[in-house]
Amino acid sequence: MVADWKSRAAAKRDAILKSIPDKWRLEKIPSVEEQKDITGPYIQQFLTDQEIEITEADAVGIAEKVAAGTWSAVSVTEAFCHRASLAHQLVNCLHETFFDAALASAKELDAYYAKHKTTIGPLHGVPVSLKDQFHVKDVETTMGYVGWLDTFEGAAGDPRAKTFESEMVKELRALGAVLYCKTSVPHTLMSGETVNNIIGYTWNPKDRYLCSGGSSGGEGALIGLRGSPGGFGTDIGGSIRIPAAFNGLYGIRPSAGRLPYEGMANSMDGQNSVLSVVGPLATTARSVTLLTKAILSTKPWLQDPLVVDMPWRDAEEQAIVDLVKSASSQGQLSFGVLKTDGTVNPQPPVARAVEMVAEALTKAGHKVIEWKPPSHARLYDIVFKTWTYDGGKDVHEAFALSGEAMSPQIKMSFGDKPVQEFTGSQVAANNVARRKFLKEYMDYWNATAQETGTGRPVDGVVCPVAPYAAARPEKYLYYGYTTFVNGLDYTSVVVPVTTADKTKDHYPQGYSPINDLDKTTFDDYDAEIYDGAHVSVQIVGRRFTEEKMLAIAEYVGRLLGK
């Protein structure tokens with residue numbers, strides 16, 4: 001059994017590599033000591049000037065160039081297939097490539113454009129990458145499990161393995177997007193690091209001593225290397241925001257029911273207390289907006305019973321644009337700033353990024369107050385319980401299909417074997433505890449209207465995404481900064497801020513950790529290793545405020561020079 005799963009994993013790993021055309025294969029992969037940062041000039045050396053121009057345009061720019069007839073869908077697709085191939089060889093970020101199918105789609109799009117002199121939709125000719133939870137016709141979905149190879153979600157002989165497509169995949173095709181690859185995930189999806197027995201470890205392209213994040217870590221690494229202009233991940237405890245933050249990208253965790261999840265693979269399916277949600281990551285805020293707005297234009301609530309009938313609301317977006325143009329006090333935005341949640345303090349680069357955003361907002365005339373909410377530790381306990389309602393049964397059964405080993409990153413949450421499942425009464429009690437916390441948090445947010453001076457409660461909360469700019473391998477130990485958002489089902493956007501600087505980012509002299517976990521976080525920090533890594537923050541809004549928060553993200557990005 002052991003030899004079998006290892007050989008199957010190796011065969012799949014080799015097949016992914018062999019799917020990359022010989023002309024795009026690298027002769028040598030540098031060690032991290034030789035080349036810590038493989039973004040920018042390093043990866044550019046393998047590309048033509050035209051490929052660089054295309055792949056370093058954002059999704060909005062690509063859509064505009066294709067719509068104008070300046071670039072063909074085929075030339076854009078070829079450029080991104082090439083750069084994605086380089087990215088995978090450098091950081092292990094792909095599970096599947098289907099370049100031939102992508103080029104065939106691109107040719108059809110070009111033929112349509114040549115005949116009609118118009119596009120088929122707002123994403124016409126835009127390559128879009130997908131986390132390996134999406135089902136795509138004629139493409140395997142393993143979600144990082146060896147036992148899912150040659151099956152449909154672990155079920156052998158199921159014909160859907162070759163024919164089934166997730167609802168959002170259908171919508172993306174209808175919008176004109178070109179689908180060309182699926183990206184790596186940690187097996188189970190339940191980790192802030194991306195590692196599995198098929199492709200190994202997905203590294204951070206900006207700093208290969210660090211992880212790319214998880215569970216949408218392949219998306220983060222691929223887009224960070226500009227092997228994709230934008231793609232879709234999922235988030236049940238931070239899995240969109242963590243990779244976005246660690247790779248210097250914009251990303252959004254929408255509220256549950258805003259975007260369609262229908263027909264996607266998942267872990268712990270049926271756990272409905274805290275739902276996983278799908279959302280985009282991209283190189284610019286306007287690209288995240290484009291992808292979100294495009295999906296909503298397809299009316300996904302007509303195909304996914306859990307999606308709310310809520311089209312894109314231009315008025316919500318415009319309200320922010322109008323506010324930031326106004327010089328009056330009534331035109332101010334207001335923000336809460338959470339510097340620490342009191343359980344684990346952010347490491348120095350992250351603490352500096354939060355301060356930078358607060359200072360930029362204050363300098364621009366907006367109101368900033370200290371965020372002192374109900375205890376996030378209470379909510380963290382509630383959320384973590386939802387992940388173990390079944391005692392780990394789903395996860396352990398998936399590993400048992402092949403007998404493969406569980407990575408240490410997953411074992412820390414699910415142990416060596418399943419434990420006692422929650423009873424119906426225990427699940428109900430946890431749901432009641434969450435509902436009461438939601439009300440308590442809502443009341444606190446409403447009460448901030450007394451402090452802001454704008455006549456309104458705060459428009460958003462600025463806070464860390466994680467204690468780390470990006471975690472070191474096997475050292476992502478605390479998820480409190482992301483999971484509180486999932487527990488509340490709030491909307492959250494990630495905004496890149498700066499890069500770590502070994503000359504600036506140090507703990508204060510005589511720093512005293514607040515508990516054992518904070519001490520571990522303190523001990524794990526190395527200014528030399530982190531130097532140059534991306535550092536980001538998240539800005540959290542209330543439920544179903546996607547338009548508002550994306551407008552704020554774009555505005556804050558401009559304030560920061562991003």
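Two strands count as paired here if DSSP finds at least two bridges between them. With that in hand, this predicted model has an open sheet of 11 strands with mixed pairing, and the order runs E1-E3-E2-E6-E8-E7-E12-E13-E11-E9-E10.

## The sheet

Let's start at the edges. Strand E1 (94-97) and strand E10 (367-370) each have a single partner strand, so each has one side left without a neighbour in the sheet. On average, and ignoring direction, neighbouring strands of this sheet are turned by 25 degrees against each other.

Now for E11, which covers residues 460-463. On one flank, strand E9 (residues 334-337) pairs with E11 in the parallel sense, over 3 bridges. Phe335 stands opposite Gly460 of E11 there. On the other pairing, E11 meets strand E13 (residues 534-541) in the antiparallel sense, again with 3 bridges. Val461 has Val540 in E13 as its bridge partner.

Which way do the residues of E11 point? Gly460 and Val462 go one way, Val461 and Cys463 go the other, and all of them are buried.

E13 also pairs with E12: the two run antiparallel and are joined by 8 bridges. Val540 turns up again here, as the bridge partner of Ser492. So far as names go, then, Val540 of E13 is a bridge partner to Val461 and to Ser492.

Over in strand E2 (residues 127-131) sits Pro127. With a relative accessibility of 1%, Pro127 counts as buried. Pro127 and Pro229 are 102 residues apart in sequence, yet their C-alpha atoms are 6.9 Å apart in space.

How many disulfides does the structure hold? The count is 0. Take Cys93: the nearest cysteine sulfur belongs to Cys181 and is 7.5 Å away, and Cys93 is in no disulfide. Cys93 is buried, at 0% relative accessibility.

Cys463, back in E11, is in no disulfide either; the nearest cysteine sulfur is that of Cys211, 18 Å away. Cys463 has a relative accessible area of 0% and is buried too.

## Pockets and a cavity

| Space | Volume | Lining residues by class |
|---|---|---|
| Largest pocket | about 460 Å³ | 13 nonpolar, 8 polar, 3 charged |
| Second largest pocket | about 340 Å³ | 4 nonpolar, 11 polar, 5 charged |
| Largest cavity | about 60 Å³ | 5 nonpolar, 8 polar, 2 charged |

The largest pocket is lined by 24 residues, and those nearest its centre are Tyr261, Asp269, Leu275, Ser276 and Leu306.

The second largest pocket has 20 lining residues, with Gly224, Arg226, Asn247, Gly248 and His534 nearest its centre. This is where the sheet comes back in: strand E12 (491-499) and E13 each supply at least two residues of that lining. Which of the elements gives the most to it? That's E12, with 4 residues.

A few spots in the loops deserve a look. Gly214 and Ser215 are joined by a cis peptide bond, with omega at about 5 degrees. Ser215 lies in the loop between strand E5 (200-201) and helix H9 (217-224).

Asp150 isn't a glycine, but it has a positive phi of about 60 degrees. You'll find Asp150 in the loop between E2 and helix H7 (160-163). Is Asp150 buried or exposed? Its relative accessible area is 64%, so Asp150 is exposed.

Lys299 also has a positive phi without being a glycine, at about 55 degrees. Lys299 belongs to the loop between helix H11 (285-297) and helix H12 (314-325). With a relative accessible area of 46%, Lys299 is partly exposed.

How values were computed
Residues are numbered from 1 along each chain as its sequence is written. This is a predicted model: local features need pLDDT of at least 70, side-chain atom pairs count only at pLDDT 80 or more; totals for chains, interfaces and linings use all residues. Side-chain values use heavy atoms; hydrogens and water are left out. A disulfide is a pair of cysteine sulfur atoms within 2.5 Å. Buried means under 20% relative accessible area, exposed over 50%, partly exposed in between (1.4 Å probe, protein chains only). On a 1 Å grid over the protein atoms alone, a cavity is a set of points where a 1.4 Å probe fits but cannot get out, and a pocket is an open set with protein on both sides within 12 Å along at least five of seven lines; lining residues have an atom within 4 Å of a point. Grid points are joined across faces, edges and corners, and a volume is the space filled by probe spheres set on the points. Ala, Val, Leu, Ile, Met, Phe, Trp, Tyr, Cys and Pro count as nonpolar, Asp, Glu, Lys and Arg as charged, and the others, Gly among them, as polar. Axes are lines fitted to C-alpha atoms, for helices over the stretch in contact, and angles run from 0 to 180 degrees between N-to-C directions.
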